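Here is a note for a colleague who is opening this structure for the first time. Please read the numbered points with the sequence and the model side by side.

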Amino acid sequence: MKLVYVVGNGQLGRMLRQAGERMGITVYPIALDTDPETLHISQCVITAEREQWPATELTRMLSTHRTFVNRDIFPILSDRLTQKQLINQLGIGTTPWQPLLYTKQLEHIFSDFGKCVIVKNRTGGYDGRGQWLICSGKESSLPHSCYGSSIVEKIVHFSSEVSLIGARGYDGSTVFYPLTYNLHQDGILRVSVILSGQHAQQKTAEYMLSTIMRELHYIGVMAMECFIVPEGLLVNEIAPRVHNSGHWTQNAASISQFELHLRAILNLPLPIPVINMPAVMLNLIGINADMEWLAEPRVYLHWYDKKVQQGRKVGHLNVVDASTLSISKTLSTLVSLLPSEYARGISWAQEKLEQG
Ligand code: AMP
């Protein structure tokens with residue numbers, strides 16, 4: 001029997017556990033305040049569902065443990081500054097950026113990057129938190145604590161946002177899913193669309209992500225989020241873990257990203273994922289579950305069993321069918337069963353389905 005501990009006990013850990021159950025692998029997501037004495041560390045493999053964590057008795061112990069896969073990579077990738085430096089050193093393009101160090105610097109940045117920029121905390125931000133849109137003349141609205149602890153990025157005018165999810169094994173082999181289209185609102189992922197047929201940037205994206213994974217000697221699933229611009233792909237960020245934009249793989253692929261990650265970290269063979277059908281993933285954010293969703297046969301509900309709070313991801317719906325028209329019709333039914341703010345994301349997905 002294999003035993004895997006996951007640092008963090010949110011929805012990603014939960015879905016890793018569910019994937020493990022089917023394969024006879026015991027996966028225990030662990031809360032950060034768990035007493036390390038209660039764990040069977042000598043017989044396990046350790047992974048993480050998050051790239052950063054506060055120092056607790058547990059994390060101090062785990063972060064030095066030899067079976068913590070990718071242990072030394074998390075500190076590099078959990079800091080936007082060192083992550084971007086690494087990507088740029090490999091000759092891979094990112095959004096133009098600079099470390100933000102002092103107030104006067106913003107004047108020069110506005111003249112280089114344009115009259116509005118995005119300031120992002122180097123560590124700790126997620127789902128749009130720890131980010132500020134700052135325009136020239138409004139510098140004082142930026143918290144002072146950002147200087148020295150943030151980066152500043154040029155605003156990119158992209159035609160689409162896409163992500164690539166891939167996995168690398170101990171033997172250096174890599175496998176990838178097709179590029180997924182993503183819609184973010186206020187920095188939070190709302191909808192993903194996966195189409196059949198190869199995207200023009202697929203091979204380029206695979207080359208970029210495999211270059212990054214190889215450089216880091218990375219093992220497991222990694223996600224790369226990109227902007228599509230006229231010159232090609234710009235990396236926005238990479239995540240050393242299973243990723244929200246890969247949740248559609250649970251219902252529309254021959255192997256889910258969760259199973260793929262477990263296989264990689266346990267040194268099991270990595271099958272090439274086969275995409276069975278196009279799909280749309282809708283994130284459920286701060287709303288109660290509604291069993292009416294399940295009246296639609298093409299809808300798969302994944303509920304995280306978390307306390308419902310405003311802005312909190314509490315589940316997702318995968319809508320899957322061989323016919324994009326049928327997916328689109330199902331989405332039209334779902335619009336009436338969801339709060340009005342879902343309408344924009346759904347019509348964006350329907351447009352993508354039509355183009356595909
Ligand atoms: P992040 O937290 O860096 O993943 O950003 C969340 C979302 O904010 C992205 O998916 C984009 O939709 C948007 N965003 C972030 N950085 C930029 C940028 N430099 N230019 C334009 N949009 C951005």
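1. A search of the whole structure finds 6 aromatic pairs, a pair being two rings of Phe, Tyr or Trp (its six-membered ring) with centres within 6.5 Å. Trp 53, Phe 68 and Phe 74 are joined by such ring pairs into a cluster.

2. The model is a predicted one, in which local features need pLDDT of at least 70 and side-chain atom pairs pLDDT 80 or more, whereas totals for chains, interfaces and linings use all residues. Residues are numbered from 1 along each chain as its sequence is written, and side-chain values use heavy atoms, with hydrogens and water left out.

3. The ligand makes polar contacts (N or O atoms within 3.5 Å): one of its oxygen atoms is 3.2 Å from a side-chain N or O atom of Arg 80, and a nitrogen atom is 2.9 Å from a polar backbone atom of Val 156. An oxygen atom of the ligand also lies 3.1 Å from a side-chain N or O atom of His 184.

4. Around the ligand there are 16 residues (a heavy atom within 4 Å), and Lys 120, Gln 131, Glu 153, Glu 161 and Glu 237 come nearest. Domain 2 (96-154) and domain 3 (160-355), with bounds from an automatic or database domain assignment, both contribute to this shell, so the ligand lies between them.

Key: Rings of Phe, Tyr and Trp (its six-membered ring) pair if their centres lie within 6.5 Å; planes under 30 degrees apart count as stacked, over 60 as edge-to-face and the rest as tilted. A polar contact is a pair of N or O atoms within 3.5 Å; within protein, one must be able to donate a hydrogen and the other to accept it, and residues adjacent in sequence count only if both atoms are side-chain atoms.
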